[in-house]
Structure formats: C-alpha cells, structure tokens
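Thanks for making the time this morning. I would like to walk you through one structure, going from the whole chain down to a handful of single residues, so please have a look at it first.

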Amino acid sequence: MRKKLLLGNWKMNKTPEEAKAFALASKDVVDFALAHNVDIGVAPTFVCLATVLENRHPGLIVSAQNVNEHDHGAYTGEISIPMLKAVGVDWAIIGHSERREYNGETSEKCNEKIKALLAANMTPVYCCGESLETYEKGETNAFVKKQIEAGFAGLNAEEAKKVVVAYEPIWAIGTGKSATKETAEATVGFVRATLREMFGEAAEEIRILYGGSVKPNNIAEYMEEPDIDGALVGGASLEPDSFRALIENLVK
Ligand code: PGA
C-alpha cells in the first residue's frame, strides 16, 4: 500500500514571521494526518526553511522548492544539498513547471538533481506536466513520457522507489481549472505504466501526486482514483485553515 501524501508548495510566499505562524498553527493538523497514516508537508522558500523546522510539529515534512546539483562552488544565487541537510531538510521539489518555464530547467538537469538528492539520502519530488497547447493537441502522454524517461534516466529500481512524482498539468496550475479526476487518473496511470516499463514491479511503490488547482472541495475526488497517491497543492496550502480542510477531505 502506498502511503498518501499531502504536500503544500508555498512558492514565493510568506515571510519568516508568517511561516512561523503557520508552523505553530498547524501542529494539530499534523497530528490529524499522522493519526490517519498520511504523510504531510510543506515546501517554504529557502529563507523560511529553518523557521518552519524550528516551530513545526516534528512530523511535518519540510521540503525545499529546488536545489542545485553541485555541492558547492561558483553558482551565485544557488543552494546546495549539503546546505539543506545542514539545516535539517531532506526533501526537495524538482522540475516544477514554473522553474522549467522561468529558469530554463530541463528534464536532463532535473535528472542530475534527482541523482544528487538520492546519493544524499534525500527525497526528490519530481514534477511533470503538459501545457494547454500540448493537451489540446492530444499529445499529453508522449510529452509526459519524455519527462519521466529523462528524469528517471540511469536510476535503478531501488532508487526509483524513493522518488515521488507530481503530475501537474500546466493549464491547471493556479488557474482554478482543475483537471477532472478522470483526466488526472488517465495521465497518472500512464505515468505509472511508463515507470513500470522502466522499473517493473517497483513502479507499484512509487507515489504519484496530482497537482493543479487542488482545493478542499475537490481533493477527495482525486483520492478515489487508484493511481493518485496524494496532492501537491499551491494556493490552497497557504493558510492553516485551508491546509486543515485539505487533509480532512483527503482522508475521507
Ligand atoms: P495551485 O498550484 O494549487 O495553486 O494550482 C499547484 C502547484 O503549482 O504545485
């Protein structure tokens, strides 16, 4: 049985003070999640990671939103894996569509980051998903297959099992136009089939999240689908009340 996961992606939101208030206010939310055997976490900005770690319920997963694949060196503006580990972070989102679009990240670059994270015993959350144009052309599967094959290239089955995938159609992110549960399941199921081709039975253990305008009022629908193991949530994860409503409806 794959354990369900709710991960809040805060993007470029919250000052350390606001992040602290969230961490303190959401301790009982974490208790609730753990009591229901669900993993729960948030991905704050780099400057808020330490604050959240210091003030959270210890069961709350704290993830970075990105990481550099090199340990140190002349990479101005970047943060490395040893730096994250030093503050107690062992998860990182990789290849979010906003980073692919605004920072030129490719699946090949993501592959380097995923390998570096796994070598450091950290958990990558690898994002994939197509644009509206690709979706309307009916080319979603071909597009996502390439992202999965490139992102997981060179991993063995044991390593692949440690990666979490998030399928996020770009046309559904921040738009309020969520994919129907059937559309989401069709692509998430296809992602799992692609992983099965690459890694055999290990694909059954890889958690695949859906993301894109997930809200308290629609999260339960996605959880009814056999291949969807949780959600990566942006806007609706920012306030403790909404975060609480998400987890309550996820476990229903
Ligand atoms: P959204 O963002 O929930 O605000 O659509 C999801 C994401 O980008 O991870």
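This is a predicted model: local features need pLDDT of at least 70, side-chain atom pairs count only at pLDDT 80 or more; totals for chains, interfaces and linings use all residues.

Before I talk about charge, a word on counting: Lys and Arg are taken as positive and Asp and Glu as negative, while His and the chain ends are not counted, and the place of a charge is NZ of Lys, CZ of Arg, CG of Asp or CD of Glu. On that basis the protein chain carries 27 positive and 37 negative side chains, with the centres of the two sets 2 Å apart.

Residues are numbered from 1 along each chain as its sequence is written, and side-chain values use heavy atoms, with hydrogens and water left out.

Now the overall picture. The protein chain holds twelve helices and eight strands, where helices (H or I, at least four residues) and strands (E, at least two) are DSSP runs numbered from the N terminus. Its C-alpha atoms fill a box of roughly 45 × 45 × 35 Å along the principal axes. The radius of gyration is 17 Å, which agrees with the value near 18 Å that a compact globule of 252 residues would have; this is taken over C-alpha atoms, and the globule rule is 2.2 Å times the number of residues to the power 0.38.

Of the 252 residues, 54% count as buried, which here means under 20% relative accessible area, with exposed over 50% and partly exposed in between, using a 1.4 Å probe and protein chains only. Contact means heavy atoms within 4.5 Å, and among contacts between residues at least 6 apart in sequence, 71% join residues at least 24 apart.

Let me turn to helix α3, residues 46-55, whose buried residues are C48, L49, T51, V52, L53 and N55. What do the buried residues of α3 pack against? They pack against helices α1, α2 and α4 and against strands β2 and β3.

Next comes E105, which sits in the loop between α5 and α6. E105 is buried, with a relative accessible area of 8%, and its side chain is joined to that of R99 by a polar contact of 2.7 Å. By a polar contact I mean a pair of N or O atoms within 3.5 Å; within protein, one must be able to donate a hydrogen and the other to accept it, and residues adjacent in sequence count only if both atoms are side-chain atoms. Leaving aside neighbours within four places in sequence, the contacts of E105 include N66, G95 and K113.

In helix α6 we find S107, which counts as buried at 10% relative accessibility. The side chain of S107 makes a polar contact of 3.3 Å with the side chain of Y126.

Further along, T187 lies in helix α10 and is buried at 5% relative accessible area. Beyond residues up to four places away in sequence, T187 touches T140, V144 and Y167.

Finally, two backbone angles. Most residues other than glycine have a negative phi.
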